[in-house]
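Please have a look at the sequence and the model below. This report walks through some of its strands, charged pairs and loops, one topic at a time.

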Amino acid sequence: MPELVYPPVIAAAKTMFRVLDLKLTVVGSDHVPRSGGAVLASNHVSYLDFIFCGLGALESKRLVRFMAKDSVFRHRVSGPLMRGMRHIPVDRRAGAESYAAALAALRAGEVVGVFPEATISRSFVVKELKSGAIRMAREAAVPVLPVALWGTQRLWTKGRPRTLTRRHTPITVLVGEPMEPAAFPDAAAMNAELASRLHALVDRAQREYPDQPAGPTDRWWLPAHLGGTAPTPEQAAALDAEERHSRTA
């Protein structure tokens, strides 16, 4: 099937990056296999993470099929684009169907992008990982590559106004070495190792990030353990629980 939508979207995104003079740093993109299935498992700090995570696969000339909330596919603007790029809708009430679609894509040799934390981390610290990314990789016998994103939260994240026209923002994308399922005794051990690698990559991205807050009111995008004013993981968990309750009330 020809790719009629994805390449123009990538070209438009690159043009926007140049217009905004985003300071992009992509490291480890050579780890992405040039053929065959693979899972990119990324931390999640922004609504724009799928755009920047996909940059990690461009050197290998791969188009990443991201798993995303089905509501994005129902939107009048984003819906046609998401379907045209063959991303994978996730309906949490029908998770088996989404899982099966991702597994089929992996077996067909696609690269599938997953955010195993499931939701944006308000604390900007890696949350507990769901097991789906590891389970599908093991079932399809494909590698998992941890990906760390940093700086994307400064453009648009949960609980903050969008600043999509913000200029000169550094954005870091670190792609870790592939994790082969055969090297781990079971899914739990592999998921624990993925969490460890994600923590290490995010820590590296934070340490090497070339920008600092402009002042006391600009410390919101730093996690609490680095002197920022983002919620602690415990506070973030409480906010997430409150949000879930409000949706079901």
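Strand 3 and strand 4 (residues 88-90) run parallel to each other and pair over three bridges. Here two strands count as paired if DSSP finds at least two bridges between them, while helices (H or I, at least four residues) and strands (E, at least two) are DSSP runs numbered from the N terminus. This is a predicted model, in which local features need pLDDT of at least 70 and side-chain atom pairs count only at pLDDT 80 or more, while totals for chains, interfaces and linings use all residues. Residues are numbered from 1 along each chain as its sequence is written, and side-chain values use heavy atoms, with hydrogens and water left out.

**Strands side by side**

How enclosed is strand 3 by the rest of the structure? Five of its six residues are buried, so strand 3 is largely enclosed. Buried means under 20% relative accessible area, exposed means over 50%, and partly exposed lies in between (1.4 Å probe, protein chains only). Strand 5 is covered on both faces: Val111 and Gly113 are buried on one side, and Val112 and Val114 are buried on the other.

**A positive patch**

Lys69 lies in strand 3, which spans residues 64-69, and its relative accessibility of 48% makes it partly exposed. Together with Arg92, Lys130 and Arg244, Lys69 forms a positive surface patch. Patches are made of residues with over 30% relative accessible area and no salt bridge, where like charges are joined within 9 Å and nonpolar side chains (Val, Leu, Ile, Met, Phe, Trp, Tyr) within 5 Å. Lys and Arg count as positive and Asp and Glu as negative, with His and the chain ends not counted. The place of a charge is taken as NZ of Lys, CZ of Arg, CG of Asp or CD of Glu. Accessible areas come from the Shrake-Rupley method with a 1.4 Å probe, and for residues only the protein chains shown count as cover.

**Salt bridges**

A salt bridge is a side-chain nitrogen of Lys or Arg within 4 Å of a carboxyl oxygen of Asp or Glu. By this rule the count comes to 16 salt bridges. Three of them are listed here.

| Pair | N to O distance |
|---|---|
| Lys127 and Asp240 | 3.3 Å |
| Asp211 and Arg154 | 3.0 Å |
| Glu193 and Arg197 | 2.9 Å |

Lys127 is partly exposed at 25% relative accessibility, whereas Asp240 is buried at 9%.

The salt bridge of Asp211 with Arg154 has its closest N and O atoms 3.0 Å apart. Asp211 lies in the loop between helix 7 (187-208) and helix 8, and Arg154 in the loop between strand 6 (144-150) and strand 7 (170-175), so this pair ties together parts that are 57 residues apart in sequence. Asp211 is partly exposed with a relative accessible area of 24%, and Arg154 is buried with 3%.

Glu193 and Arg197 both belong to helix 7, four residues or about one turn of the helix apart. Glu193 is partly exposed at 29%, and Arg197 is partly exposed at 26%. Elsewhere, salt bridges with shared partners join Arg122, Lys127, Lys158, Asp240, Glu243 and Arg247 into one network.

**Out in the loops**

Lys61 sits in the loop between helix 2 (49-55) and strand 3, where it is exposed with a relative accessible area of 71%. Its phi is near 60°, a positive value in a residue other than glycine. Ala141, in the loop between helix 6 and strand 6, likewise has a phi near 60° and is exposed at 61% relative accessibility.

Ala214 lies in the loop between helix 7 and helix 8 and is exposed, with a relative accessible area of 77%. The C-alpha atoms of Ala214 and Leu40 are separated by 33 Å, and the two residues are 174 residues apart along the chain.
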